[in-house]
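Subject: Structure handover and notes

Dear colleague,

I am handing over the structure that I have been going through, and my notes on it come after it. Please keep it open beside this message while you read.

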Amino acid sequence: MARQRFAPSDIGDMYDEHSRIAAAFRDGQSHMAYWYDDEDPVPLTEAVHRLTTKVTDTLGLRRGETVLDAGCGPGETSVHMATRLGARVTGVTISAFEVEAGRRRAEAAGVGDLARFEHGDYSRLPFADGTFDAVLAMESLLFAPDLPQVLGELRRVLRPGGRFAMSDISLESAAEPERVERFAAAVKLNVLMTLPDWLAQLKDAGFLVEEFTQCGPRTFGRKAKLIKASMQRRAEMAAEFGEEAVAKFSSEQQGVFLPRRDQIGYIIIAAAKPRH
């Protein structure tokens, strides 16, 4: 299922509005959380960091390597790669708020020289061919208005032999398509595909797929835990941002939870650009 309904400016406006509260809820990140089971006691921020680690570890980064974080969110994932592994990270986002949030976070963490952030569109990147050793796209490709164009750009700026990792939601059931369509519209998706379709898109773009996993039951499938964990911090967020802003944010986030647990999965794929 593919759409070309939302322009980059639509996505940028959405994140300019939502990310300031989402980043506070999730410690500078905007992606899903990862819980092992319903009794897993870790708080929301730790569960979100688990997924950060799980996805970024597939890149196998070495100290000093250059990384493009394509659709970097409020910056914590880029900062994580810089602080934990000494990688030199360039985060690109269509959201002006997220650029500034990422810069502040990197400076606060003492890695302003390693993690930098730029406002831009990942379908038209201002970097030379082969600039990066690795490319990360964490929950950002689902917004691509032209997925082959975006994948082509990400491959172009990756050096031969460089690594690519992505994580995103996947379509797992075609039942009740109207429910899925309402979900897609609510969160401004341009792309929603099955795992085989994702793999085919990467291969068509010239990537060599090396590893993939489906961890939907521990991410999207734990949405009840996500709601509960968020509600536990609601009063704190209302005190910081105001009740009206938090109520609006909560109302708009309800669309995320429209699909049944068996309809939407979560995939992680590691690939590489051929050396020749």
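What follows is a walk through the sheet, a pair of helices and a few single residues.

This is a predicted model, in which local features need pLDDT of at least 70 and side-chain atom pairs count only at pLDDT 80 or more, while totals for chains, interfaces and linings use all residues. Residues are numbered from 1 along each chain as its sequence is written, and side-chain values use heavy atoms, with hydrogens and water left out.

The sheet

Seven strands form an open sheet with mixed pairing, in the order S3-S2-S1-S4-S5-S7-S6; strands here are DSSP runs (E, at least two residues), as helices are (H or I, at least four residues), and both are numbered from the N terminus. Two strands are said to pair if DSSP finds at least two bridges between them. At the edges are strand S3 (115-119) and strand S6 (208-214), each of which pairs on one side only, and from one strand to the next the twist averages 15°. Strands S2 and S3 run parallel and are joined by five bridges, with valine 92 standing opposite glutamate 118 in S3. Helix H2 (residues 44-56) packs on the sheet, where it touches strand S4 (132-138), strand S5 (158-171) and strand S7 (264-272), and its direction makes about 140° with that of S4; such angles run from 0 to 180 degrees between N-to-C directions, and axes are lines fitted to C-alpha atoms, for helices over the stretch in contact.

S4 and S5 also run parallel, joined by six bridges, and alanine 137 stands opposite methionine 166 in S5. Because twelve of the 14 residues of S5 are buried, S5 is largely enclosed by the rest of the structure; buried means under 20% relative accessible area, exposed means over 50%, and partly exposed lies in between (1.4 Å probe, protein chains only).

Single residues

Threonine 93 has its place in strand S2 (residues 88-93) and counts as buried, at 4% relative accessibility. Its side chain makes a polar contact of 2.7 Å with the side chain of glutamate 98, where a polar contact is a pair of N or O atoms within 3.5 Å, and within protein one atom must be able to donate a hydrogen and the other to accept it, residues adjacent in sequence counting only if both atoms are side-chain atoms.

Valine 150 is found in helix H5 and is buried, with a relative accessible area of 0%. Leaving aside neighbours within four places in sequence, valine 150 is in contact (heavy atoms within 4.5 Å) with Tyr122, Ser123, Leu141 and Ala144.

Glutamate 139, in the loop between S4 and helix H5 (147-156), has a positive phi of about 55° although it is not a glycine. Glutamate 176, in the loop between S5 and helix H6 (177-186), also has a positive phi, near 45°. Glutamate 139 is buried at 16% relative accessible area, whereas glutamate 176 is partly exposed at 29%.

Two helices

Helix H9 (residues 234-241) and helix H10 (residues 243-253) pack at an angle of about 125°, with their axes 7 Å apart. That makes H9 oblique to H10, since angles under 35 degrees count as roughly parallel, over 145 as roughly antiparallel, 65 to 115 as roughly perpendicular and the rest as oblique.

Best wishes
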